[in-house]
Amino acid sequence: MQQATLHQLKVFEAVARHNSFTRAAEELFLTQPTVSMQVKQLAKAVGLPLFEQIGKRLYLTDAGRELLATCQEIFDRLSQFGSTVADLKGLKQGYLRLAVITTAKYVVPRLLGSFCQRYPGIDVSLKVTNHEHILERLTDNRDDLYILSQLPSDLDVTSHPFLANPLVVLAPRNHPLAQEKNISLKRLAQEPFIMRETGSGTRKAVQQLFDAHGLNVKVKLDLGSNEAIKQAIIGGLGISVLSRHTLALEGPTSQLSILDVEDFPIQLDWYVVYPTGRQMSVVGNTFLEYLLNEGKRIAAQVDLNSPSVD
Ligand code: PGA
């Protein structure tokens, strides 16, 4: 391994991440033969093949998987070192990797706006995806910090709550139930539902509530996007349960209304989370502190200012 270079490790990591020599070459602005050559030389230095091709698909060998985990540790440590050096120079500089559940995208980008103004040397990558995919990323230790609302029971994580995330029942404004008070869950269960996709935390919370009451949800449509669900509700396809934050940009002319249903809102909280024991980067710590102090205040304003739909 003494002959392996950092460049070769970077090329290998990109191929492994994309599962493709072509896409790695595109990302790194290299030609495909150069990428293949770098990986070949690295495999020679390791003394074992790193990939195997079965049909058209590329798979990591056991040695490849071990090397990928090693690469991730090396790159993490280097990026921490870069931030530490910047910190020693009195600068907050580096790369912050955040992964957040879909409902948090209504608040987190605004928080990042003021964060990046304060720390112009910090670049950010923000991955927005559903609960299940966030847990996968958390397990693989792919990001600095994660935002989600239902904490995993089988992973050792450190978490800090920072904002309420109430889930509400949404219907079209002209829905017959829109004028009713204290609607029972049993009555609600008779309505056709538009549900988030399997793997969504919102869906899980709704399902748990109905299961606890021994009721079935009549799922008319599965949709993987909060915005698409809002449009489907307006289109008359059914009712749904979404985070109240998804209404942040609805104005007074919104076509949606929040139904007054027993056991709602489902009171969840957003947590900022990281694997316990993770050596946090300087930028990760900077954002965590920001979120827990300044961010809480800004996020609360966002929440209070979001128009109420009724
Ligand atoms: P979701 O996340 O985007 O997976 O529905 C929401 C949540 O976890 O509260």
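Predicted model: local features only at pLDDT ≥ 70, side-chain atom pairs only at ≥ 80, totals over all residues.
The ligand is located in the largest cavity.

Thr-102 places a polar side-chain atom 2.5 Å from a ligand oxygen, and Arg-196 has a polar side-chain atom 3.1 Å from an oxygen atom of the ligand. For His-131, the atom concerned belongs to the backbone: a polar backbone atom of this residue is 2.7 Å from a ligand oxygen. Taken on its own, the ligand has 280 Å² of accessible area, and the protein covers 100% of it.

## Aromatic pairs

Eight aromatic pairs occur in the structure. One of them consists of Phe-12 and Phe-51, whose rings are 5.5 Å apart from centre to centre, with 50 degrees between the planes, an arrangement classed as tilted. Phe-12 belongs to helix 1 (residues 6–18) and Phe-51 to strand 1 (residues 51–54), so this pair ties together parts that lie 39 residues apart in sequence.

## Backbone geometry

Most residues other than glycine have a negative phi, and most peptide bonds are trans.

The peptide bond between Phe-264 and Pro-265 is cis, with omega at about -5 degrees. Pro-265 is part of the loop between strand 10 (256–258) and strand 11 (266–275). Asn-182, a residue other than glycine, has a positive phi near 50 degrees. The loop that contains Asn-182 runs between strand 6 (157–172) and helix 7 (185–188).

Terms used:
Residues numbered from 1 in each chain as written. Heavy atoms only, no water. Polar contact = N/O pair within 3.5 Å; in protein donor to acceptor, adjacent residues only side chain to side chain. Areas by Shrake-Rupley, 256 points an atom, 1.4 Å probe, with all protein chains shown as cover. 1 Å grid on protein atoms, 1.4 Å probe; cavity = no way out; pocket = protein on both sides within 12 Å on 5 of 7 lines; lining within 4 Å. Sits in = over half its atoms within 2 Å of the grid points. Phe/Tyr/Trp six-rings, centres within 6.5 Å; stacked < 30°, edge-to-face > 60°. Helix = DSSP H or I, 4+ residues; strand = E, 2+ residues; numbered from the N terminus.
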